[in-house]
Amino acid sequence: MVCLVARSGRELQRYNSKGGRQLWGECIPYRYKQNIDGNSSNELEVLVVSSQKGTQALMFPKGGWEVDESIEEAACRESLEEAGVIGVVEVLI
């Protein structure tokens, strides 16, 4: 078992140059659904997490993009911190 400690603090957070809004790393974790025989189908399963704000909303994993990481690294880190999943970034949108 691995224990992961989430990053904290704002000193490494990235902000845009217009209005100082925080920049985010976000991802849409998915996988291809498996058939009963174990083969992959062309149907997707999408992973969402519950909001921590008590609204019972579901959302994709996201969080602050920090100055010492790429946007892909931020998205991967947030997926691991918030959902416990590891994946590969395929496309930036």
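Modeller: On a 1 Å grid over the protein atoms alone, a pocket is an open set of points where a 1.4 Å probe fits, with protein on both sides within 12 Å along at least five of seven lines. Points are joined across faces, edges and corners, and a volume is the space filled by probe spheres set on them. This is a predicted model, in which local features need pLDDT of at least 70 and side-chain atom pairs pLDDT 80 or more, while totals for chains, interfaces and linings use all residues. Residues are numbered from 1 along each chain, and side-chain values use heavy atoms, without hydrogens and water.

Biologist: How much space lies in the largest pocket?

Modeller: Rolling a probe the size of a water molecule over the atoms shows where empty space is left. For the largest pocket, the volume is about 790 Å³.

Biologist: Which residues that line the largest pocket are the closest to its centre?

Modeller: A lining residue has an atom within 4 Å of a point. There are 26 of them here, and the closest to the centre are Cys27, Ile28, Pro29, Tyr30 and Val88.

Biologist: Which element gives the largest share of the lining?

Modeller: Helices (H or I, at least four residues) and strands (E, at least two) are DSSP runs, numbered from the N terminus. Two or more residues come from each of S1 (24-26), S2 (30-34), S3 (40-46) and H1 (71-83). The largest share, five residues, comes from helix H1.

Biologist: In what order do the elements run from the N terminus?

Modeller: The protein has one helix and six strands. Their order is β-β-β-β-β-β-α.
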